[in-house]
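The following note collects points for a colleague who is about to examine the coordinates.

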Amino acid sequence: MKLLILAHRVPYPPNKGEKIRTFNQLVYLSRQGHELTVATPLETPEDEGNAKALAEQFPVIVLTAPIGLNRALRMLRGLFQGQALSISNFRTRVLQSMIVSQIQSQTPDAVLCTSSAMAEYLFASPLMPLLRQQGTRLVMDFMDLDSLKWEQYAARKSWPLSWVYAREARLLNRYEARIYRDFDAALFVSGDEKALIGDTDVQHLDKVQVVANGVDMKLFHPGPDDGLADTTASYNGAPELLFTGVMDYFPNEDAVLWFVAEVWPIVRKRFADARFTIAGMNPSQKIRALSELPGIEITGFVDDMLPYYQRANIFVASFQLARGIQNKVLQALACGLPVVTSKPGVEGISCTPGEHLLVAEQPQEFADAIEKLVSNADLYQRISQAGLELVAEQFSWDSKNARLEEILIGGIANPVNSASLNKSAGESGSINDSLPGAAR
């Protein structure tokens with residue numbers, strides 16, 4: 001099968017949530033013998049080298065073009081054009097032309113978009129009628145419900161960002177509805193996201209499918225000393241806490257700032273030698289400032305996250321807002337690391353709180369959960385083992401991507417009304433973490 005994948009970011013190296021997902025999709029689909037072409041805009045100077053490395057690793061054609069204007073100008077262009085700003089952020093006419101040429105020379109059997117921003121490359125293409133006439137399946141991998149995410153951001157920010165984010169949420173909601181109508185399938189990472197769609201668009205709910213994230217247990221696994229008695233010995237029985245992620249991405253930054261302000265003082269009062277490592281690229285100024293507090297380490301970018309998972313003895317995921325499955329939680333569980341998380345941290349993970357991980361909401365609950373794990377070796381070992389078994393049984397990438405392959409081939413039959421598609425082909429809109437203060 002010939003597959004055209006429109007990726008909003010170069011899916012290599014797999015060091016961010018959406019890149020991890022798309023990268024593992026490519027690994028699986030190429031292994032199944034499909035002919036793959038990836039078209040992706042270049043945002044940074046490093047992206048060109050990353051795209052070349054991707055093409056060298058897999059039998060895949062990679063089409064790239066620099067986005068061009070700096071982000072502020074792209075945002076301004078979208079504002080004046082009445083578009084969702086994400087479309088302006090990821091659109092480039094050069095890449096559009098390359099995609100059209102690729103479709104003309106080799107009409108794909110299916111097109112997979114990795115965010116709603118990339119749908120515009122199809123909606124703006126003069127070849128859309130050809131794709132529909134030849135039965136090309138159009139599949140949108142939303143991953144998360146972005147319109148709701150921007151709505152949540154708007155509620156947490158002050159003007160003018162609150163106005164910008166509210167505008168983005170409104171336009172994306174409209175654009176998402178168009179995709180539900182015009183695409184053959186829409187994918188989300190969890191049933192929670194699908195349930196939210198049912199509240200607003202029951203008509204197209206049969207097109208909405210759940211394809212969850214997985215975790216590579218060859219890359220993420222317990223270390224040689226994975227029990228509480230061993231891992232805490234060198235820390236005098238004090239907790240070694242960890243959070244990982246891109247640290248200028250607002251939900252990650254917000255989770256850490258809340259934890260340090262509300263929970264960390266209680267933990268340090270109980271355990272004077274407690275340590276908290278915040279590992280991940282692009283720490284914001286607010287995150288960097290936390291390194292001045294006792295017991296807190298800010299790493300910035302690291303080549304390999306595994307040693308940090310294996311050095312820690314408790315993972316904390318104190319999200320106040322989040323969408324979809326958290327890869328970091330799956331990775332921690334795969335490393336045998338007990339997780340203390342808020343409810344948003346377990347979205348899309350079929351687990352039992354108190355058995356596979358601990359769920360807390362209030363600061364005191366977080367501190368108490370951490371203390372229970374430190375003081376009760378049996379509880380620690382039980383949570384650690386149950387979480388590890390959960391990931392091994394339910395979150396292999398192969399099982400998730402086998403479902404994706406079924407959908408691309410035609411595992412769900414929902415023919416699209418091409419006349420309706422052509423009639424609406426001039427509309428605009430889009431997604432992603434491309435707005436000021438929201439880099440992922």
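1. The pLDDT is the predictor's confidence in each residue, on a scale from 0 to 100. The model is predicted, and the mean pLDDT of the chain is 88, with 89% of the residues reaching 70 or more. Over residues 411–432, however, the pLDDT is below 50, although the model gives this stretch 67 contacts beyond near neighbours in sequence. Residues 436–440 also stay under 50, and for them the model has 22 contacts beyond four places in sequence. Contacts drawn from residues 411–432 rest on a pLDDT below 50.

2. As to overall architecture, the chain contains 20 helices and 13 strands. Of its 440 residues, 59% are buried. The accessible surface amounts to about 17,500 Å², and carbon and sulfur atoms supply 50% of that area. When contacts between residues at least 6 apart in sequence are considered, 77% of them join residues at least 24 apart.

3. The structure holds 18 aromatic pairs. One of them joins Phe23 and Phe58 in an edge-to-face arrangement, with 5.7 Å from centre to centre and 70° between the planes. Phe23 belongs to helix α1 (residues 17–31), whereas Phe58 lies in the loop between α2 (45–57) and β3 (60–66), so that the pair links distant parts of the chain, 35 residues apart. Phe23 and Phe58 are both buried.

4. How are the rings of Trp264 and Phe276 arranged? Their centres are 5.9 Å apart and their planes meet at 40°, so the pair is tilted. Because Trp264 lies in helix α13 (residues 264–270) and Phe276 in strand β9 (residues 275–279), the pair ties together parts that are twelve residues apart in sequence. Both Trp264 and Phe276 are buried.

5. Aromatic residues also form a cluster, in which ring pairs link Phe220, Phe243, Tyr309, Phe315 and Phe319. Arg91 lies over the face of Tyr121, at 5.1 Å from the ring centre. The charged end of Lys400 sits over the ring of Phe395, 5.2 Å from its centre.

6. A search of the whole structure for disulfides finds zero. With regard to individual cysteines, Cys113 has a relative accessible area of 0% and is buried. Cys335 counts as buried as well, at 5% relative accessibility.

7. In sequence Pro222 and Cys335 are 113 residues apart, yet their C-alpha atoms are 4.1 Å apart in space. Apart from neighbours within four places in sequence, Pro222 is in contact with Gln310, Ala334, Cys335, Gly336 and Leu388. Pro222 counts as partly exposed, at 23% relative accessibility; the cut-off matters here, because buried means under 20%.

8. Finally, Glu389 is found in helix α18 (residues 377–394). Its relative accessible area is 39%, and Glu389 is therefore partly exposed. Glu389 and His356 are separated by 33 residues in sequence and by 8.8 Å in space, C-alpha to C-alpha.

Key:
Residues numbered from 1 in each chain as written. Predicted model: local features only at pLDDT ≥ 70, side-chain atom pairs only at ≥ 80, totals over all residues. Heavy atoms only, no water. Helix = DSSP H or I, 4+ residues; strand = E, 2+ residues; numbered from the N terminus. Buried < 20%, exposed > 50% of the residue type's maximum accessible area, 1.4 Å probe, protein only. Contact = heavy atoms within 4.5 Å. Areas by Shrake-Rupley, 256 points an atom, 1.4 Å probe, with all protein chains shown as cover. Phe/Tyr/Trp six-rings, centres within 6.5 Å; stacked < 30°, edge-to-face > 60°. Lys NZ or Arg CZ within 6 Å of the ring centre and 35° of its normal. Disulfide = S-S within 2.5 Å.
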